[in-house]
Structure formats: C-alpha cells, structure tokens
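The sequence and structure are shown first.

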Amino acid sequence: MSEAYFPVGPGLGMEENFLSLDDILMSQEKLPGRAETALPRLAVLMGQGASSAESVPEGSKLEIPLWLAKGLHDSKRRIISVELPKIYKEAWRTVFSADANVVDLHKMGPYYYGFGSQLLNFENPENPEIAQTILQTFVARFRRIMDSSQNAYNEDTSALVARLDELERALFQVGQKGLNDFQCWEKGQASQITASSLVQNYGKRKLTEVDG
Amino acid sequence: MEPAEVEFLAEKELVTIVPNFSLDRIHLIGGDLGPFNPGLPVEVPVWLAINLKQRQKCRLIPPEWMDVGKLEEIRDQERKEDTFTPMPSPYYMELTKLLLNYASDNIPRADEIRTLVKDTWDTRVAKLRLSADSFVRQQEAHAKLDNLTLMEIITTGTFLTQALDHMYKLRTNLQPGEGSHSQEF
C-alpha cells in the first residue's frame, strides 16, 4: 500500500517550509501588534477604516497575520511592533508547565508548536522561555498521544484527537497507521489484492452525453 | 517497512516437515533442498513448507519452542524482567501466525499457543512504549534495546522517529543560532 502522493511536512523550527500547506495555513494566524508609524491609505486593509483614503494612525492596535508580520518586521525601520499572543505569555506558560495534558491545544490555535517556533524570529526577551515551554509541552503530551494512537483500533477517534494541535494530529495518524497495518496483517488481509484507492473511483464516473 | 515485508523475510526460516512424496535433491539459487523421502523428516524453508502443506504433500512438525510449557516460561520471564528476554526465534510472531493458520492440525494445543504468544507480544510492546516514553521524557541522546524483533520495531518505529524529529527541531530552537534569513529591502 505505497502512497502516490507525499505531502510536504511543516518545517518545524525557525524557518518555515515554503511548499508545506500546513505552514501556509499556520502563517495565516494573527498576532496582536501595534503600528509604529502611520500607514498611509491602508486603513481598509487593516480593517480599521471605511474608505481607501484613510491611513492607520501611529500607535493603533492591529491584528496582523504572521506572514505579514514577518515581512514587515525590521529592527531598523520600525513599521510595526508585535506582542506575544496570550498563550505564549507568562500566565499560560505556567499552566503548561503544571500539566500540559489538560490543555485543549486545538482551541488555542491549531498550530501551537509551529506558530510558537515562528515567534522566536521576532527578538523578544522571553524567547528562551517560550522555546523551553514549547519543548516541554511536547514532551509531556507525547505519552498520551502514543498510547491513544497505538491502542485505538477500529473505533471513533474524534474524542481523542479533539484536543490535539495539528502537529500532534499528524503524529496520531502515523501511530494509527502503524497499528492498522499490523492488525490488517494479522488478520491476513495484507496478502489480499485490493484495488488501489487511486483507481477505485474510475468506474463510478458516468460519461455524460455531449450534445451537439 | 510493512508487516507483509517482514513476513516475507520470516519465510526464509527453516522448519521441519515430513513429506509424503519422494523427490531428489533440488538445486535452487539460495541453496539445495532435499532429497525428499516419504516419512523421513527434512528441513525446508517456511515458504516451501506452507506451499507443500497447502497441496497436502507434507506434515509440519512444530519448532521445539512452539510448545505450551516453553511459551509459558518465556511469557512469565518476560513479565518479570524489565528488559527484553531473548526470543527463541527472531520471527516468532510471523512464524506463529503462518504455522497456526496453515498447519494448526499438526500443532497440538494451537489455541493456547496463539494466546501465549499474543500475551508475550503485548508485554513486549508495552515495555517498548514505556522505554520510548522515558527516552522522550528525559530527552536522552542515545538508547539501546536488546532482543527486539523486527516486527515490534516497525509497529512503533515510524511514530517514534517522527516524534523524535519534531523534538529535535524544537530543541534547536533553544539555541538562537545565526543566519536568520530575513529579506532586506
């Protein structure tokens, strides 16, 4: 059962993977920030004004997507400044260090690990603690993911994955696949020839008559 | 690697059969087999044994570790120890499945054997997960596990290597290195 399509995985770390769909979706997440200089005629884009002639005044608060924040971020020409979203701040960091398993990471932004790694690109005095917290959270939640993915055979897993973020969900899928492959082999289905998923739909499409 | 591939490798193991036909020594690329004489036991690879059994040309003799007493000992030892006990065959899971599926009439107390092997497997896989978890939790750099069989490794292998990849990348975040590839205007 080899795959025909290998999706490019997210580049986890301070650089994104250009071709990864997960990274593209992740960089759409918004950061709170402030405009350091007036942004002429951009009020509509930033959701602040009604007409295209208005400019964003200096110092106003904005929600900026990550890709835009990374592009505009420059310590020499201060166009915008960004703050940390609240889940990477001190208060939530202590929650994570107390018990990372109870947090609903999907609700907190489905790309906790990826987004957190990208935040380290902006110079911020709390960066080492953020990096440490992200790592510790992953390590703490690893056991739960491993156990649930390797033991849930043929059941509805939506309750198990509901609180995982996207990276953990991908890991969960891998664990499930290992389990399913083994069970399928043990039942003897591995030696049965089945139609490939790529061609199963061919017979279902009916040719429509072309008139004229 | 998939379970089917590991089963393919397992089929090279030798097992004893008692044929009911006669044939001279045959020369195959991997080695010689035979000669086959009715009623005399001979050692052949599992792939041939299964094939002959399906065509009703032989009777299989179970390997000497495939016995209820021996397997109970192995299972109890597995449960007592924290490390992995050496298994009688590096392909015990595959051999059990193949022999019990195709030749259960030649193997006494086949159901009990199946249960015992499954119990041993479950214990070993649980130990593997425990050690993987402590490996990740303490962020060790190196771990060594003896006496694991290939089938056990592939069931958790991909998951573990991917998780360790992620952990590695998250760890390199801790060292703010040089080379932030920003685009200067």
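## A buried glutamate

B:Glu78 counts as buried because its relative accessibility is 0%, the cut-off for buried being under 20% relative accessible area with a 1.4 Å probe, protein chains only. The model is predicted, with pLDDT of at least 70 needed for local features and 80 or more for side-chain atom pairs, while totals for chains, interfaces and linings use all residues. Residues are numbered from 1 along each chain as written, chains are lettered from A in the order written, and side-chain values use heavy atoms, without hydrogens and water.

B:Glu78 is found in helix H3 (residues 68–80) of chain B; helices are DSSP runs of H or I with at least four residues. Its side chain makes a polar contact with the side chain of B:Lys127 at 2.8 Å. A polar contact is a pair of N or O atoms within 3.5 Å, one able to donate a hydrogen and the other to accept it; residues adjacent in sequence count only if both atoms are side-chain atoms.

## The interface of chains B and A

Contact (heavy atoms within 4.5 Å) links 34 residues of chain B with 40 residues of chain A. On the side of chain B that touches chain A, 15 residues are nonpolar, eight polar and eleven charged.

Across this interface the rule finds one salt bridge, that is, a side-chain nitrogen of Lys or Arg within 4 Å of a carboxyl oxygen of Asp or Glu. B:Asp133 forms a salt bridge with A:Arg143, with the closest N and O atoms 3.2 Å apart.

Notes
Ala, Val, Leu, Ile, Met, Phe, Trp, Tyr, Cys and Pro count as nonpolar, Asp, Glu, Lys and Arg as charged, and the others, Gly among them, as polar. Helices (H or I, at least four residues) and strands (E, at least two) are DSSP runs, numbered from the N terminus. Buried means under 20% relative accessible area, exposed over 50%, partly exposed in between (1.4 Å probe, protein chains only).
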